[in-house]
Amino acid sequence: MKFCLAGNPNSGKTTLFNALTGSTAHVGNWPGVTVDKREGSYKKLPEKVHIVDLPGIYSLSPYTPEEVVSRNFILDEKPDVIINIVDATNLERNLYLSTQLLETDVPMVIALNMMDAVEKNGDVVDKDKIEKTFGVPVVEISALKGKNINQLMKVAYDVSQKPRKGSSVIESSSLLKSLFQKTLTLYGEESCQNKVFHAVKMLEADELEVQLYPQIATITAELKKEIDAKSFDDDFGAVVADARYCFLSQHVQSAVKKAKRQEVSKSDKADRVLTHRIWGIPLFLLIMFGIFHFTFAEDFLFLNGIFGLEITNPGWINFFTGMGYEGMLEEALETGEAVVLGGIPSLGVWLQSWMGWLTGSIIDLFAGWLESAPAWLSGLICDGLLSGLDAIFSFLPQILLLFLFLSILEDSGYMARAAFIMDRAFRKFGLSGKAFMPLLMCFGCGVPGVMATKTLENEKERRMTMMIAPFFSCGAKLPIWLAFAGVMFAGQFGDLVVFSVYLIGIVVAIIAAIILKFTVLKGATPPFIMELPSYHLPQFRNLMAHLWEKLKHFIIKAGTIITASIVVIWFLSNFGFTFWNGMVEDIELSILGQIGNVIKYIFYPLGFAQGPDGWKFVVASITGLLAKEDVVATMEVLAGGAGLEAMIGGLSVAGAYSFMLFNLLAVPCMAMVAAVYGEMGSGKRTWGAIGFWVLTAYVVSMVVYWSVSYWWIGLILIVAVIAALTVLYLRNKKKRKAVAV
């Protein structure tokens, strides 16, 4: 059997899906589009049920890819039941979609979700009245708390055993009833199902419906001339929408009794602060910094930074550094200094230290086993494969911890507020707050972020969002920042280093968007309308499911692309062009060394290509074009016996920042390039985007390197940028005035 879940965004549909399917859930893409397809199984009924979670939609009109996907699935795949999830705290808006689902011939049950919130507010919903009004079963549930979801599935199963014919609420419209019946009669001669749905869509002059039945469209157009719809500018789509809302207003309002509220709700009180016109953005930045501090800070409680307190007990040092006391002791003996630890590390740093101890122990174990093995075999496994994977997996706890915090913000409802407050800032450089969500997704992975631009109706805004998407640091780049943060400034300001990279990326994205707005992507900024869901505590199960998806994706990538890349890099860095002569003793004589020493001069102005290890950083940046996880893995392999920290330590602060920013802003990975090509649908535009990314990365890295090295150069460049942006703004303002006149 096949059940589908349909409902508005933020109705709790995905929460219900996770509760029903659990570990059987998997995510893919719908055929021909990049919209997420969630599927899973439910096994507590007499028959095994295949559950499909349709994208969150507001209607079945072909305005977005999500609506087309949902519509085609219901009409073509013929599910046994539609489970329509409705936010019971906002019935009238949510039931608008229900009126359209009723027009299909598919059996249906309405799930009134978030009933726990309704009861908490003191409101009362008359379930029986809604059931009588719509003519389908209604079940009260709380997907977040798992209340009545098994009962919902039993009702859905019973409903699936009986056929159903579609019905439409517009039959109650005196203006449309006669026209609807005449149009429905026209479909009587057609061998199609869901005739009520098709008839209503024809009244709306639905684009897909008109293409499907052009003859009926011609007759219906003549019938419409008999109807006086001048008050709607003869827009019958608006007439039908008005009929739906009139029906809902008449029947739904009487089914809901709102409790008298003398006080402002807690969500409204919180929004007065968190979405404040002045304090909203600073609070957002403060919250984000708190997350970075909790994840990356070496001195979490500022014990050393503020109070000057240090930890000298060897046992506590071992505990906080993942058994790192021995290495610290050796360094201390060489310099004649005491062994101290500057403060208590954050949870992320502590977990990373112990993960490093675990992966290091595994490498030592394999090295012992391969002690008598041929040099090439032990080198490939220990110095190549395991060391490269160690460089990635040792940072895994911090990556997952960061994703956990971002998931909490999203699941609690705060990220919707972040989009709202960012709209004011985004609008100034050509984007609406709606673009914030795809860009926010890029902090996890750029590919779904690019795919999410489908929700942006404005073509200019879609292209601009994709052009600046790589500047929002994805999870694959995080190991690079962590590797450098642990070395720069002796590792004392790791949280600030990582936070600054993310912040610089956002600033560059803003400047790039302004330049694009005034040059190649001119046009008006589209309006932004968004419903803010109520705040609620995130569900532990949902958070863990989200983290598992990230972990699974990471492990699959590590087991395929990264592993293969490490093996290739190890071979190229240990053998020369005459590889039959055996392994080279000097890495600069290797294939990679000789190539790197030639192309490094292209990157000389960026700083990080200078010095004896400069070619290694260049090679690492190039391998990162395939997958950004390869950057650190490549550096670990090329560092050899000296170690990754020593290699990074050879860079100046200016050179280190230049390297990080180049890898932040340049081509993210081939997967994202493919996603951009799929969304832009043009090879020319995709190559233009690649050129834009590389040029931006090169210029910004060079500017940062020379600005940090020589402060007066930085001052001149900042003044030049401000002057250029001002000229662009004034010129555009002058053009707008001329057009207005």
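## Helix packing and burial in a predicted model

Let us start with helix H22 (residues 459-468), which is mostly covered, as eight of its ten residues are buried. Here buried means under 20% relative accessible area, exposed means over 50%, and partly exposed lies in between, with a 1.4 Å probe and protein chains only. The buried residues of H22 are Lys 460, Glu 461, Arg 462, Met 464, Thr 465, Met 466, Met 467 and Ile 468.

A word on the source: this is a predicted model, in which local features need pLDDT of at least 70, side-chain atom pairs count only at pLDDT 80 or more, and totals for chains, interfaces and linings use all residues. Residues are numbered from 1 along each chain as its sequence is written, and side-chain values use heavy atoms, with hydrogens and water left out.

**The whole protein**

The protein has 33 helices and nine strands. Helices (H or I, at least four residues) and strands (E, at least two) are DSSP runs, numbered from the N terminus. Of the 741 residues in the protein, 51% are buried. Taking the contacts with a separation of 6 or more, 72% come from residues 24 or more positions apart; contact means heavy atoms within 4.5 Å.

**Helix H8 and its surroundings**

Helix H8 (residues 195-203) is mostly covered too, with eight of its nine residues buried. Those are Val 196, Phe 197, His 198, Ala 199, Val 200, Lys 201, Met 202 and Leu 203. What do the buried residues of H8 pack against? Their partners are helices H2 (65-77), H3 (91-101), H7 (177-186), H9 (207-212), H10 (214-224) and H11 (236-251). After H8 comes Ala 205, whose phi is positive, near 60°.

Axes are lines fitted to C-alpha atoms, for helices over the stretch in contact, and angles run from 0 to 180 degrees between N-to-C directions.

| Helix pair | Angle | Axes |
|---|---|---|
| H30 (residues 653-665) and H32 (residues 683-709) | about 165° | 8 Å apart |
| H3 and H11 | roughly 120° | within 10 Å |
| H5 (residues 127-134) and H11 | about 145° | 11 Å apart |

Angles under 35 degrees count as roughly parallel, over 145 as roughly antiparallel, 65 to 115 as roughly perpendicular and the rest as oblique. H30 passes H32 in a right-handed crossing; a crossing is right-handed if the near helix is turned clockwise from the far one by less than a right angle, and left-handed if anticlockwise. On the H30 side, the residues that meet H32 include Tyr 657, Leu 661 and Phe 662, and on the H32 side they include Trp 693, Tyr 698 and Tyr 705. By class, the contact of H30 with H32 has twelve nonpolar, five polar and no charged residues. Ala, Val, Leu, Ile, Met, Phe, Trp, Tyr, Cys and Pro count as nonpolar, Asp, Glu, Lys and Arg as charged, and the others, Gly among them, as polar.

H3 and H11 are oblique to each other, and their crossing is right-handed. Glu 92, Leu 95, Tyr 96, Thr 99 and Gln 100 of H3 meet Ala 241, Arg 244, Tyr 245, Leu 248 and Ser 249 of H11. This contact of H3 with H11 divides into five nonpolar, three polar and two charged residues.

H5 also passes H11 in a right-handed crossing. Lys 129, Thr 133 and Phe 134 of H5 make the contact with Phe 247, Leu 248 and His 251 of H11. The classes in the contact of H5 with H11 are three nonpolar, two polar and one charged.

Leaving aside its neighbours within four places in sequence, Asn 94 is in contact with Asn 8, Ser 11, Ile 85, Val 86 and Asp 87.

Ala 646, in helix H29 (residues 644-649), is partly exposed, with a relative accessible area of 47%. Ala 646 and Val 487 are 159 residues apart in sequence, and 8.6 Å apart in space, C-alpha to C-alpha.

Finally, four of the five residues of strand E4 (residues 49-53) are buried, so E4 is largely enclosed by the rest of the structure. Strand E1 (residues 2-7) runs parallel to E4 and is joined to E4 by four bridges, where two strands pair if DSSP finds at least two bridges between them. Leu 5 stands opposite Asp 53 in E4.
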